[in-house]
Amino acid sequence: NQQLSATSGFLAGQVNAGTMVNKGIETEFSVDLVSSKDVLVSVGGNFGYNKNEITDLGDVNEFILGTSIVRVGLPLGSHYIVKWAGVNPANGDPQYYNKDGTITTTYDRANQSVAEFGTSIPPFTGGFNGSFRFKGIYVEAFFSFASGFKRYNNEDFFNENITFSTSNQYRRVFTDRWKKPGDVTDQQRYNAARQFSSRDVQDASFIRFRNLNVGYSFPQTVLSRLKFITGASVYIQGQNLATWTKWKQFDPEDGNNIAAFEYPANRVVTFGVKLDF
């Protein structure tokens with residue numbers, strides 16, 4: 001909402017007053033390591049870096065958007081939440097940091113939230129690929145990655161929270177929870193409320209084995225005996241075969257700030273035959 005002139009008859013109106021700047025670099029390469037009549041070995045890749053900064057919001061300097069904040073000087077998607085300080089070993093209470101660095105068991109989102117947990121938009125993205133061909137046999141592989149970003153894992157918030165009995169609670173909620181003075185754990189006592197905090201802001205960087213294609217193209221010396229077929233090949237292809245990440249839940253690549261049980265990318269294996277007439 002932006003303040004309007006009183007002569008308009010309205011006190012305020014919603015306007016798109018925000019501006020932001022993106023600066024970065026993109027690069028791509030492709031190299032044939034071996035190139036001969038029967039053998040071809042190639043590698044390639046691409047890399048992108050983008051620095052995003054909000055530079056102006058009109059009449060305001062910031063506004064809260066769920067568990068993130070839109071603030072001048074910060075990148076879009078910046079996390080804004082109370083900083084988690086672990087579980088008190090003496091009584092099992094969850095602990096939080098005040099803005100001055102002191103620790104308390106009192107949760108106050110309005111006065112304790114800070115923007116020091118990065119952004120949900122990855123600044124580093126890219127991929128790399130390789131291919132190998134020997135006569136009619138070929139193998140092609142492609143990997144993609146994103147790095148330097150964090151997401152709010154709302155799935156952990158539900159699955160480690162006995163308030164939500166409809167969610168399937170993790171075993172560690174019961175086996176690892178605080179039970180007696182002196183227990184050192186990240187699971188608070190049974191009857192302590194589970195709150196929104198940086199405990200659930202997790203690194204979502206990943207490398208994904210995006211595609212693998214293995215095939216064989218029949219030589220013309222074989223096909224020449226078949227008058228009506230000019231080309232023939234068989235292949236097997238796999239998609240989303242593996243993902244390496246510290247992210248604890250279904251898929252780090254959902255493309256939004258909050259993970260909320262979205263269905264993950266399928267692992268797909270396809271077999272095919274191609275005939276040219």
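**Figure 1. Overall dimensions of the protein chain.** The protein chain has a radius of gyration of 27 Å, whereas a compact globule of 277 residues would have one near 19 Å. The radius is taken over C-alpha atoms, and the globule rule is 2.2 Å times the number of residues to the power 0.38. This is a predicted model, in which local features need pLDDT of at least 70 and side-chain atom pairs count only at pLDDT 80 or more, while totals for chains, interfaces and linings use all residues. Residues are numbered from 1 along each chain as its sequence is written, and side-chain values use heavy atoms, with hydrogens and water left out. Taken along the principal axes, the box filled by the C-alpha atoms is roughly 80 × 65 × 35 Å. The protein chain has four helices and 20 strands; these are DSSP runs, numbered from the N terminus (helices: H or I, at least four residues; strands: E, at least two).

Figure 2. The accessible surface is about 16,600 Å², and carbon and sulfur atoms account for 56% of it. Areas come from the Shrake-Rupley method with a 1.4 Å probe; for residues, only the protein chains shown count as cover. Of the 277 residues, 35% count as buried (under 20% relative accessible area; exposed is over 50%, partly exposed in between; 1.4 Å probe, protein chains only). Among contacts (heavy atoms within 4.5 Å) between residues at least 6 apart in sequence, 62% join residues at least 24 apart.

Figure 3. Strand S3 (residues 19–35) and strand S4 (residues 39–56) run antiparallel and are joined by 16 bridges. Two strands count as paired if DSSP finds at least two bridges between them. Glu26 has Gly48 in S4 as its bridge partner.

**Figure 4. The open sheet S5-S6-S7.** Three strands form this open sheet in the order S5-S6-S7, and their pairing is antiparallel. Strand S5 (62–65) and strand S7 (78–79) are at the edges, each with a single partner strand, so one side of each has no neighbour in the sheet. Two bridges connect strand S6 (residues 68–71) with S7 in the antiparallel sense. In this pairing, Ser68 is opposite His79 of S7.

**Figure 5. Ser167 between helices H2 and H3.** Ser167 is in the loop that lies between helix H2 (154–159) and helix H3 (172–175). Ser167 counts as buried because its relative accessibility is 15%. Leaving aside residues up to four places away in sequence, Ser167 touches Phe158 and Asn159.

**Figure 6. Arg151 in strand S15.** Arg151 is part of strand S15 (residues 150–153). With a relative accessibility of 1%, Arg151 counts as buried. Tyr138 is 13 residues from Arg151 in sequence, and the C-alpha atoms of the two are 38 Å apart in space.

**Figure 7. Phe206 and its contacts.** Phe206 belongs to strand S17 (residues 206–217) and counts as buried, because its relative accessibility is 7%. Phe206 and Trp244 are 38 residues apart in sequence, but their C-alpha atoms are 5.6 Å apart in space.
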